[in-house]
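Good morning, colleagues. Please turn to the model on the screen while I take you through it.

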Amino acid sequence: MQRFPCPHCGPRDEIEFHYAADAGKTRPGRQSSPEDWARYRFMRKNTKGTARELWQHAGGCGQWICIERDTVSHAVIGSEALGS
Amino acid sequence: MRGSVRLASGGEIDRSRPLRFTFDGRPMTGYAGDTVASALLASGVSIVGRSFKYHRPRGIFSAGIEEPNALLDLRLAERHDPICRATVERLADGMALCSVHASGTAASDRLAIIDRFARFIPAAFYYKSFMWPSWRLYEDRIRAMAGIGMLDPRARRGLAAEHHRAVDLCVVGGGPAGLAAALAGMGTGKSVLIADMDQRLGGSLLARDGEVAGMPGRDWAGDAAVRLRRGGALVLTQTMAFGLYDHNALGLVERTDTGERLWRVRAREIVLATGAIERPMLFANNDRPGVMLAGAVLSYLRRHGVRAGERVVIATANDSTHELSVALRAAGAEVLVVDARKSDFVTKVVGKDRVEGVRLADGTGLDADLVAVSGGFSPALHLYAHAKGVVAWSRQKGAFVPRDKLDGLSVAGAANGAFDLAAALAEGWGAAGGETGAAPRTSEPDRAWSAAPVVDPEHLRGRVWVDLQNDVTTKDIVLAHRESFSAIEHLKRYTTLGMATDQGKTSNVNGLAVLASLAGREMGEAGVTTFRPPYAPVSFVTIAAMHRGELSHPVRRLPVEPEHRAERAHFREYGGILRPAWYGAEEGAIARECLAARSRAIVFDGSPLGKIEIVGPDAAKLIDFIFYTRMSTLANGRLRYGLMLTEGGAIFDDGVVLRLAEDRFIVSCSSSHVPAVAAHLEAWRQDIFDRRRVFIHDTTASWATITIGGPGSMAVVRSLELGSSIDDADLPHMGFAEGRFGGRPVRIARVSFIGERSYEISVPASLGGALWAAARSAGAEPMGVEALSVLRLEKGFIIVGADTDGETMPHDIGFAGPRDKRRDAYVGDRSLFTEDAMRVDRRQLVGLRALDRRVLPPGAHAIVSSGRERRSIGFVTSSAMSPALGYPVALGLVENGRMRMGEVLDLEDYGAKRTGGSRHQAEVVAPCFLDGQGARLHA
C-alpha cells in the first residue's frame with residue numbers, strides 16, 4: 001500500500017484516496033471538435049515514469065490534491081493542494 | 001523410519017506434559033513444545049501423505065515453512081485447517097490429524113497404483129492425452145484426483161483480529177542477524193518490531209552450535225529476547241511476514257492459540273534477516289520417506305529430542321553437516337557421510353515405502369533408514385523480491401543473493417549470503433545502524449557453506465525429484481527443454497515446477513540448475529521466476545480480518561426504525577439502507593398500501609432522500625453548471641425537478657431542488673445515491689469554482705423526512721399544527737414552507753413522487769419518531785418502499801439506474817428542453833451533441849401495456865425479426881400490477897420508442913438460467929398510465 005502525503009492532513013495510506021484524473025487537463029467548451037472532446041473524456045496519458053495526477057482525499061479532508069509520483073517505482077515526488 | 005525414536009532427555013519439550021492426538025485415526029502422544037511433525041516423527045510415523053500426482057508415499061522432509069510433504073487436515077474443537085503444515089504447527093492436546101490427498105490413509109492409499117503409470121503421464125500430459133474428443137469428458141475425474149485438502153463448508157471461523165502498527169524499524173527474522181539488528185536499532189533509540197515464525201527467537205542458534213558474547217548461542221538469543229522486550233520492542237513469535245508492499249508496508253500473520261491475527265505494519269526501515277532454506281540433493285527416489293533435509297534432522301534432534309534414524313547416511317556438499325554427524329553419533333546412531341565435494345555421491349535410494357538403503361556412485365550398497373541431505377543453502381529473498389529487488393547468482397556463495405540495496409530496506413545474514421555466524425551478527429548489527437565494531441561477537445569459526453547445486457547427468461538416472469509437492473522430476477524438465485519450453489517462466493508453467501503451495505522453496509534453485517546444465521548455461525543466466533506475496537499460504541479469513549459481513553458493509557438505518565418495527569414492517573435493504581418494504585402481513589400488503597395512497601392518506605418514511613446544501617454567493621452558478629435543468633431562475637422558497645448528467649451526457653441522477661434563499665439551495669437526490677452526488681458536486685466545486693464562494697454540505701442524516709400523501713393528506717398535515725399556513729394559496733404544489741414541530745424547525749415541501757397531493761416534512765432526526773406517531777394518530781396509513789415504486793410507475797416517474805442506464809440521455813426520456821435552449825456550460829453539455837447522441841434510433845423511454853393480464857418480466861427484450869436475423873430493440877425496465885388500474889403497467893427503453901406509439905412488441909424473457917422463460921406481447925404507450933394532466937396533485 002502506497003503512502004501519499006496529503007498537503008492538508010499529512011502522510012496517509014493510499015486506501016484513503018481516490019484517483020481522479022491526469023493533472024493539467026482543461027475542459028473544452030461546447031464548440032470543441034469531437035476529437036478534442038473525446039481526448040478530454042477518454043484519453044489517459046498512462047505515463048511510465050513521473051506522472052502528475054489528481055487524487056481526492058476522500059477518506060480524509062475530501063480535498064482534491066495533485067500528486068507527482070513515479071508510476072514504475074511508486075516513489076512519491078511530492079503533492080500540492082489544488083489551485084496552489 | 002524404523003529407527004525414529006524420542007530420546008530420554010534433551011530439547012525444548014516438556015516431558016511432564018504429554019499431549020494426546022490422533023493421526024489417521026491412530027492415537028498418539030507428544031509433549032508440550034512439540035510441533036505436529038516432531039510428535040509424528042517421535043511416534044515412528046514415516047508416511048504422512050501421498051504425492052500430488054503419482055500418489056507416492058511421502059514423509060516429513062523439513063522442519064519449517066518450506067515443507068513440501070507434511071500437509072495435513074487438522075481439526076481441533078471448532079477449528080478446521082484443511083492443509084496445515086505439520087512442521088510449523090504447534091502440537092495441542094486433542095488434535096485430530098489426517099493425511100490429505102490419499103484415498104484411504106497415507107499408509108495405504110488405493111491410488112498408489114498411479115505411480116506405475118508414471119511414464120504415461122509426463123509434464124503437461126493432460127494437454128496432450130485428454131484432448132480428444134473433448135477435455136470436458138475427462139475434466140471432472142481429473143479434477144477430483146487433483147488438489148490438496150478439502151474445505152469443510154460447515155467449518156466456521158470467527159473474526160480474526162487485525163492490528164496496525166507504525167515503527168521505525170521492522171526486523172523480519174529472529175535469528176542471529178535479526179537479533180543483532182533489533183538490538184542495534186533499539187540501541188539507537190528506534191521503535192522496533194521483530195517477528196519470527198518460530199515459537200521463540202533464535203533461528204539457527206536454537207539448533208546449531210555457536211557461542212555468542214560468551215554464552216551458548218541459544219542462551220544469548222533468549223537473553224536478547226528479554227532485553228528487547230524490556231527495552232520496549234514489540235516481539236512477535238509464531239509470526240510470518242507474508243508480504244512486503246509499497247512504501248515499506250508489511251503484512252504479518254501471527255498464529256495464536258485461538259487463531260490468527262493480521263498485522264499491518266508500516267516501517268521507516270526494514271531489515272530482512274529471513275535466513276536461508278536448505279536445498280535437497282538430486283538422486284533417484286530422493287522423495288522416499290526417510291530422506292530429510294540435514295538441518296531438519298539436527299533441529300528435531302536438538303529441539304525436540306527426536307532422533308529421526310538409526311542408520312544414517314548424510315549426503316552433503318558443504319561443512320554444515322559436521323555437527324549433525326557428531327550429534328547423531330552421540331545420540332547412538334550409525335552415521336556415514338557421503339560428501340559430493342570428494343566425488344562421493346548417493347545415486348539412488350532403495351526401499352519401497354521408506355528408505356531401506358542407498359546405492360553410491362561406485363556401486364556400493366548400504367543399509368540405511370535415514371538419508372540427511374544438504375545440497376547448499378538458498379537465501380530466503382521472497383520479501384526482497386516483493387519489493388522489486390533483483391537477485392544475482394553468486395558463484396562464490398553458491399546462491400542467489402540481492403543485487404541492489406533498496407531504499408529503506410536491508411538484507412542481512414544468511415538471507416544476504418552471510419552464512420557464517422560472525423558475518424551474520426555483524427551484518428544485522430550494521431544494517432540497523434549499530435556502532436561499528438560493537439556487534440555481538442562469536443568465537444565460531446567460519447565454515448565452507450557454499451555449494452552450487454550438484455547436477456551431473458550421469459547421476460540423474462532413474463526418477464529424480466526436483467519439486468516434491470508438485471511431483472516434478474528431472475525427466476519433466478528434460479521434456480520441457482526438449483519441447484522448447486526452456487525459458488524459466490515457460491518451464492515453470494509447463495512442468496508446474498515451483499507452483500505448489502510451497503512455491504518451490506526447496507525446488508526452484510535445483511530446477512534452475514537442471515535447466516542450466518541441459519542448456520549449457522551458467523546459473524543465473526536463465527533468470528529466476530518472480531516471487532509474489534504471500535510467502536506462504538495465508539487464509540482469506542485472516543486477511544479479511546474484521547472486514548466481514550456487516551462490519552464490511554454496514555447497513556444504514558433509519559432514525560424511525562423502532563416505530564416501523566412496532567408497526568410490523570417487513571424490512572429490506574435498498575441501496576445499503578434498511579427500509580420498510582411493506583407493513584403487516586405480506587399477502588396483499590402492497591396493493592392495500594397503493595390503494596390507501598390513491599384514496600385516503602399514507603405516511604411514508606423518506607428520510608434517506610438526499611438533502612445536500614449548496615451555500616454561498618456562487619451557489620446559483622455552481623448548481624446551474626451541475627444541473628441539466630436550469631436552477632438559477634428558481635424563485636426563493638420554490639422547488640423544481642431536474643436532472644444531473646455525467647460528462648458523457650448520461651443521466652447521473654434526478655431530484656428536486658429547493659431554493660431556500662438567494663445563496664442557498666438544497667438538492668434532494670436519489671436516496672441510495674447521496675454520497676456519489678455529494679462527491680460529484682464537491683469535485684466540480686474544487687475543480688472550476690472559487691472555493692471561498694461556494695460550499696457543499698450533506699445534511700441528509702441530520703433530518704428525518706416523513707412524507708404524507710394521498711387525497712386525505714391535507715387534513716392530516718393540518719392536524720399536525722406545524723405553525724405555518726398550508727393553504728394551497730400559501731403552499732401550492734412545488735411550494736415550500738417552514739414551521740415548527742416539537743419546538744424545533746420543520747421544513748414542508750409540496751412535492752410528489754406518487755402523483756397525489758403530497759407533503760414532504762423534514763424534522764431534526766431525533767423528532768422523526770414523534771412526527772411519524774403524530775401522522776399515524778391523525779389517520780395516515782403506513783406505506784413502504786414497494787408500494788411507492790408501484791405508484792411512481794403508474795405515473796411514469798423514473799428511477800435513475802433502473803429505468804435509465806449508462807447510455808440514457810435526457811432527450812431519450814423526454815427532457816429535450818435545456819439541450820435545445822441552454823447556451824451556457826453545464827456538465828455533459830458537449831456530449832449531448834455527439835454523433836451518437838443525435839442518432840435517430842436511440843432507445844427512448846416508453847410505457848408498455850401487456851396485451852394479457854400477466855406482469856411483464858423486467859429485463860424481457862423486445863425482439864424484431866427480419867429473415868433469419870433476430871435483434872433486440874429494447875427491454876422492460878420496471879414492471880408491476882397496478883392496483884388502481886387493475887392491469888399490469890411497465891416502463892421500457894425501446895429504440896425510437898416515441899415513434900412507435902400503438903405498435904405491438906414481441907417480448908421474450910429468458911429466465912434466470914435461459915431455461916424456461918416466457919413470451920409476451922405489449923403495446924407501446926406514453927410512459928404515464930394515470931392522471932396525465934396531474935389533476936390529482938391538487939385534489
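Predicted model: local features only at pLDDT ≥ 70, side-chain atom pairs only at ≥ 80, totals over all residues.

Chain B contains 22 helices and 51 strands. Its radius of gyration is 37 Å, whereas the globule rule gives 30 Å for 939 residues, so chain B is more spread out than a compact globule. The C-alpha trace of chain B spans about 110 × 70 × 55 Å along its principal axes. Of the 939 residues in chain B, 51% are buried. If we take the contacts in chain B between residues at least 6 apart in sequence, 66% of them join residues at least 24 apart.

I turn now to the interior. Nonpolar side chains tend to be buried together in soluble globular proteins. Here, the largest nonpolar core has 169 residues, and A181(B) and V371(B) have the most contacts inside it. Helix α4 of chain B, residues 176-187, supplies the largest share of this core, with 8 residues. What is A181(B) in contact with, leaving aside its neighbours within four places in sequence? Its partners include V171(B), V271(B) and A273(B), and also A412(B), W429(B) and A432(B). Apart from this core lies another, of 102 residues, with I623(B), V674(B), L788(B) and F929(B) among them.

Finally, the interface. In chain B, 13 residues are in contact with 15 residues of chain A. Helix α18 of chain B, residues 674-688, gives the largest share of that side, 3 residues. By class, the side of chain B that touches chain A has 5 charged, 4 polar and 4 nonpolar residues.

Technical notes. Residues numbered from 1 in each chain as written. Chains lettered and ligands numbered in written order. Helix = DSSP H or I, 4+ residues; strand = E, 2+ residues; numbered from the N terminus. Rg over C-alpha atoms; globule rule 2.2 N^0.38 Å. Buried ≥ 20, exposed ≤ 12 C-beta atoms within 10 Å, placed from the backbone. Contact = placed C-beta atoms within 7 Å. Nonpolar A, V, L, I, M, F, W, Y, C, P; charged D, E, K, R; others polar. Core = buried A, V, L, I, M, F, W, Y, C linked by C-beta atoms within 7 Å.
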